[in-house]
Amino acid sequence: MAKTTEKAKAPKAGGKDKGGKATYATDAAPKAGEGTPRLKTWFDTTVRGRLQQEFGLGNPHQVPTLEKVVLNVGMGDANKNPKSLESAVEELALVTGQRPVITRAKKAIANFGLRAGMPVGCTVTLRGPRMWEFLDRFINVTVPRIRDFRGLPSRSFDGRGNYTFGIKEQMIFPEIDFDKVEKIHGMDITIVTSATRDDLAMALLRELGWPFRGEQPKQVA
């Protein structure tokens with residue numbers, strides 16, 4: 001029996017395979033990029049020392065760092081309009097480089113016509129190099145594309161060193177193709193840090209060049 005030498009071709013990103021199932025712009029198990037992200041290098045060489053000196057931390061391990069970034073898109077009409085949910089999943093995959101997970105309702109709410117298990121949106125959690133690369137792109141490429149931008153809120157900390165803010169349109173991300181957008185929607189972004197206090201977390205983000213409202217962002221080399 002002759003051996004088959006031709007390899008099966010992978011489905012094109014963002015399209016559909018032969019079975020009609022939607023494909024994504026990324027692998028199911030994405031690999032971290034080669035090398036150390038620029039923002040992570042800046043943190044290790046500059047930010048860590050600055051924070052240790054500013055807050056008088058005797059142990060370098062006490063210096064707060066980033067743990068993960070969570071992006072969440074809520075689609076209230078996902079059950080009635082599944083195409084919009086598919087589009088949101090694909091857009092989130094393009095923005096983050098990682099396949100999102102569809103979130104489902106945990107309990108039924110009769111007033112909203114919601115049953116347990118219904119899809120209500122999608123979410124993705126970034127860690128490691130992918131997290132640092134996303135924040136670098138967001139600060140330096142995405143934020144300047146926001147119309148009438150006056151800075152991100154400085155009072156969005158939860159008291160435990162975590163920062164959450166929302167954006168109104170996914171169109172600000174350069175990875176999004178305007179012609180392929182099914183519906184304009186926003187998303188919530190949460191930055192989880194190892195800090196136990198809001199002032200430590202805020203100082204960490206400030207040193208990374210975060211554009212807080214009413215402040216001049218610091219330049220990252």
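Predicted model: local features only at pLDDT ≥ 70, side-chain atom pairs only at ≥ 80, totals over all residues.

1. By class, the contact of helix 1 with helix 3 divides into four nonpolar residues, one polar and three charged.

2. The overall layout may be stated briefly. The chain has four helices and five strands, and from the N terminus on its elements run α-β-α-β-β-α-β-β-α. Of the 221 residues in the chain, 38% are buried. Considering contacts between residues at least 6 apart in sequence, 65% join residues at least 24 apart.

3. Helix 1 also packs against helix 4, which spans residues 198-207, with the axes 10 Å apart and an angle of about 140°. An angle of that value makes helix 1 oblique to helix 4. The crossing of helix 1 and helix 4 is right-handed. Helix 1 contributes Trp 42, Phe 43, Val 47, Arg 50, Leu 51 and Glu 54 to the contact, while helix 4 contributes Ala 203, Leu 204 and Glu 207. The contact of helix 1 with helix 4 comprises six nonpolar and three charged residues, with no polar ones.

4. Helix 3 covers residues 128-142, which is 15 residues, and its span from first to last C-alpha is 20 Å, close to the expected 21 Å. Its buried residues are Arg 130, Met 131, Trp 132, Phe 134, Leu 135, Asp 136, Phe 138, Ile 139 and Thr 142. Which elements cover these buried residues of helix 3? The cover includes helix 1 (38-54) and helix 2 (82-96), together with strand 1 (66-74), strand 3 (119-126), strand 4 (162-167) and strand 5 (187-193).

5. Helix 2 likewise has 15 residues and reaches 21 Å from its first C-alpha to its last, close to the 21 Å expected. Helix 2 is mostly covered, with 11 of its 15 residues buried. The buried residues include the charged pair Glu 90 and Glu 91, as well as Leu 85, Val 89, Leu 92 and Val 95. Strand 1, strand 2 (101-104), strand 3, helix 3 and strand 5 are the elements against which the buried residues of helix 2 pack. After helix 2 comes Gly 97, which has a positive phi near 75°.

6. Although Asp 148 is not a glycine, its phi is positive, at about 50°. Asp 148 lies in the loop between helix 3 and strand 4. Is Asp 148 buried or exposed? With a relative accessible area of 75%, Asp 148 is exposed.

7. Pro 153 is in the loop between helix 3 and strand 4. Its relative accessibility is 24%, so Pro 153 counts as partly exposed. Pro 153 and Thr 164 are 11 residues apart in sequence, and their C-alpha atoms are 9.3 Å apart. Leaving aside residues up to four places away in sequence, Pro 153 touches Tyr 163, Phe 165, Phe 212 and Arg 213.

8. Arg 206 belongs to helix 4. At 25% relative accessibility, Arg 206 counts as partly exposed. With residues up to four places away in sequence not counted, Arg 206 touches Phe 212, Glu 215 and Lys 218. From C-alpha to C-alpha, Arg 206 and Pro 217 are 7.1 Å apart, with a sequence separation of 11 residues.

9. Gly 35 is placed in the segment before helix 1. Its relative accessibility of 60% means that Gly 35 counts as exposed. The C-alpha atoms of Gly 35 and Pro 129 are separated by 8.9 Å, although the two residues are 94 apart along the chain.

Notes: Residues numbered from 1 in each chain as written. Heavy atoms only, no water. Helix = DSSP H or I, 4+ residues; strand = E, 2+ residues; numbered from the N terminus. Expected span 1.5 Å × (residues − 1). Buried < 20%, exposed > 50% of the residue type's maximum accessible area, 1.4 Å probe, protein only. Contact = heavy atoms within 4.5 Å. Axes fitted to C-alpha atoms, helices over the stretch in contact; angles between N-to-C directions. Parallel < 35°, antiparallel > 145°, perpendicular 65-115°, else oblique. Left-handed = near helix turned anticlockwise from the far one by under 90°.
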